[in-house]
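User: I would like to go through the pockets, cavities and core of this model. Could you take my questions one at a time?

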Amino acid sequence: MKNPTSASSTRRLLSGNEAIALGAWEAGVRYAAAYPGTPSTEILPALGQYAGVKAEWSSNEKVALDSAIGASFAGGRAIAVMKHVGVNVAADSLMTLSYTGVGGGLVLVSADDPGAFSSQNEQDNRHYARFGKFPCLEPSDSQEAKDFTALAFELSERFDTPVMLRSTTRISHSKSPVEVSMPIGRREWEPLPPFERKPQKYVMIPAHARLRHPEIEERMGAIAEYAETCPLNRVEWGDKRVGVIADGMGYQYAREVFAGFSFLKLGLVHPLPERMVRDFAAEVDVLVVVEELDPFIEEQVRAMGLEPVGKEFFPLTAELTLARVREGAMEAGLPVGKGPEPVEEREDALSIPARPPALCPGCPHRSVYFNLRKLRLLVSGDIGCYAIGVLPPFEKMDMLISMGASIGMAHGAKQAGCPDDIVATIGDSTFFHTGLPELANTIYNRGNVCTMILDNRTTAMTGGQEHPGTGVKLQGEPGHQIDIEAVVRAMGVENLWVVDAMNVAGVEQAIQEAIAVEDRPSVIYVKGECVFLPGYQRRPTAAVDPKVCNGCGFCLRVGCPAILKAEETDERTGRPKAEIDPLLCTGCTVCLQVCPRSAIYQTDQQEM
């Protein structure tokens with residue numbers, strides 16, 4: 001594959017994710033795979049827009065990495081992209097990939113989420129690099145995100161190793177200027193040479209693994225030596241009273257808080273440049289380490305016999321901010337400025353109420369959680385929009401751990417003797433991600449669990465990406481659409497209900513019949529499109545007849561943001577009546593079906 005030539009360059013404002021995509025393309029990547037997950041999601045769509053690269057959504061992160069490994073072994077440069085918890089799914093292959101090494105350069109992007117803005121934990125994936133014995137690069141802005149991605153491919157091939165590029169939420173989504181080469185023409189797609197067979201390198205049977213391990217240790221020594229002089233790590237001398245070691249976004253905050261002092265800025269965070277650290281520490285009066293989440297760098301610095309100021313003053317949890325770094329520095333008694341004075345709150349400032357997450361108006365999951373609450377069932381939940389079911393007004397989710405775990409948790413609880421009726425809820429994309437093996441396990445062991453597959457025809461929580469059930473590939477070409485109902489039947493499920501998500505009574509009846517099944521699994525396949533799909537058909541909006549409504553509040557139990565409390569109250573009860581915002585209403589009719597007084601109607605019916 002030929003790299004693009006360029007005649008000029010310009011500066012563009014790019015997010016970290018866009019910059020990673022551009023860096024991968026400029027490096028000549030042939031194949032890219034990912035499972036969507038915030039904050040990594042935008043990388044693959046951005047990369048898929050460039051010519052000469054095959055970009056695909058995979059059914060899960062391990063599949064994405066496995067596919068990238070195959071492309072690499074065949075000689076092409078490849079990239080696998082995922083959020084931090086996705087690396088847990090891919091770890092089985094990742095640990096052995098470190099032993100095999102690569103063919104073409106292979107980069108794994110781990111988008112970590114300090115603060116858990118859209119994740120179930122805050123894990124720090126720099127530890128994977130140390131655990132797996134491969135290098136980890138960490139950019140501090142969009143320019144570095146592009147440059148480090150390109151360099152990662154070179155390092156991967158130079159040292160015969162996978163390379164992790166660790167981003168974080170702030171890097172992924174913040175925009176900063178990037179020098180962009182302006183490509184001329186289209187990059188041509190050329191076939192790879194015939195596969196070069198190297199079974200002792202690529203086939204990790206025990207005998208081969210034992211031979212590869214010493215090579216991995218030798219490789220890490222070579223990379224550690226490279227780290228001492230590589231351009232990714234640099235010293236910025238200033239006032240030597242304070243010397244700060246920092247990486248990623250921690251560097252950006254520390255640079256402002258400790259302006260004028262000395263810095264060791266780390267871009268290659270594993271392995272650490274030990275001589276560089278010692279030499280830097282010897283030149284400064286006080287050594288400080290600023291990093292997000294775990295004391296990954298700090299612990300290694302302490303192991304060198306040095307005593308830096310670190311996590312005793314800077315937080316172990318959540319994102320770093322300027323204020324948090326400044327507060328920690330001042331608490332440690334370091335010579336830093338106080339920062340800007342806090343802005344006094346105006347007396348006439350607006351008081352805006354909290355806005356917790358809610359299912360969108362017209363969401364097909366609404367009738368499911370309305371009924372699960374109504375029937376007072378134990379619910380084992382999963383990762384997706386439907387996780388909002390744990391919040392008011394539904395408050396109907398009792399377990400949630402990771403992608404695809406809902407079915408397994410429900411099965412385990414029942415097998416252990418839990419007397420409650422348990423329903424496992426899982427989305428269509430999550431079902432393809434890791435729900436299939438969990439359902440297979442339940443079927444094989446004849447577990448008495450009801451699984452509800454909530455098919456909204458998209459990967460909604462991360463912005464509406466395609467998956468194996470949609471029949472469309474990432475770059476817009478048609479793919480093969482896998483029929484979930486046919487798959488479930490083929491797996492041997494005898495008790496299967498297929499229901500319309502907008503049929504409230506039908507969903508309730510299916511749940512009641514499914515939980516009555518004994519000694520075998522049952523599945524309810526709930527079908528209803530996400531309201532944000534381009535082809536979603538809105539229906540006539542709903543409205544409330546104030547003459548009939550008595551303010552019972554029953555309609556509010558469906559948790560629709562379009563249903564509001566009106567200023568008018570009922571004369572007998574004094575309770576506010578309901579009203580519906582026509583701008584928000586999609587005409588899904590769920591509220592019509594649950595209103596006990598038939599006070600809600602569709603506007604087209606009223607006109608008739």
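User: How do the residues lining the largest pocket divide into nonpolar, polar and charged?
Analyst: The lining of the largest pocket divides into 30 nonpolar, 8 polar and 5 charged residues. Here Ala, Val, Leu, Ile, Met, Phe, Trp, Tyr, Cys and Pro count as nonpolar, Asp, Glu, Lys and Arg as charged, and the others, Gly among them, as polar. A pocket is an open set of points on a 1 Å grid over the protein atoms alone, with protein on both sides within 12 Å along at least five of seven lines, while a cavity is a set where a 1.4 Å probe fits but cannot get out; lining residues have an atom within 4 Å of a point. This is a predicted model, in which local features need pLDDT of at least 70 and side-chain atom pairs count only at pLDDT 80 or more, whereas totals for chains, interfaces and linings use all residues. Residues are numbered from 1 along each chain as its sequence is written, and side-chain values use heavy atoms, with hydrogens and water left out.

User: What volume does the largest pocket have, and which residues lie nearest its centre?
Analyst: Its volume is about 970 Å³, a volume being the space filled by probe spheres set on the points, which are joined across faces, edges and corners. Of its 43 lining residues, Ala 358, Leu 359, Cys 360, Pro 361 and Pro 561 lie nearest the centre.

User: And where does the second largest pocket lie?
Analyst: The second largest pocket lies between domain 1 (11-189 + 198-227) and domain 3 (366-527), because both give residues to its lining. These domain bounds come from an automatic or database domain assignment. The pocket holds about 690 Å³ of space.

User: Which helix gives the largest share of that lining?
Analyst: That is α16, with 6 residues of the lining of the second largest pocket; helices are DSSP runs of H or I, at least four residues long, numbered from the N terminus. By class, this lining has 17 nonpolar, 20 polar and 4 charged residues.

User: Turning to cavities, how many are there of 30 Å³ or more?
Analyst: The count is 3. The largest cavity has about 100 Å³ of space, and among its 16 lining residues Cys 560, Ala 562, Cys 585, Cys 588 and Cys 591 are the closest to its centre.

User: Finally, how many residues are in the largest nonpolar core?
Analyst: That core has 65 residues, and Val 488 is one of those with the most contacts inside it. A nonpolar core joins buried Ala, Val, Leu, Ile, Met, Phe, Trp, Tyr and Cys residues through side-chain atoms within 4.5 Å, where buried means under 20% relative accessible area (1.4 Å probe, protein chains only).

Conventions
Buried means under 20% relative accessible area, exposed over 50%, partly exposed in between (1.4 Å probe, protein chains only). Helices (H or I, at least four residues) and strands (E, at least two) are DSSP runs, numbered from the N terminus.
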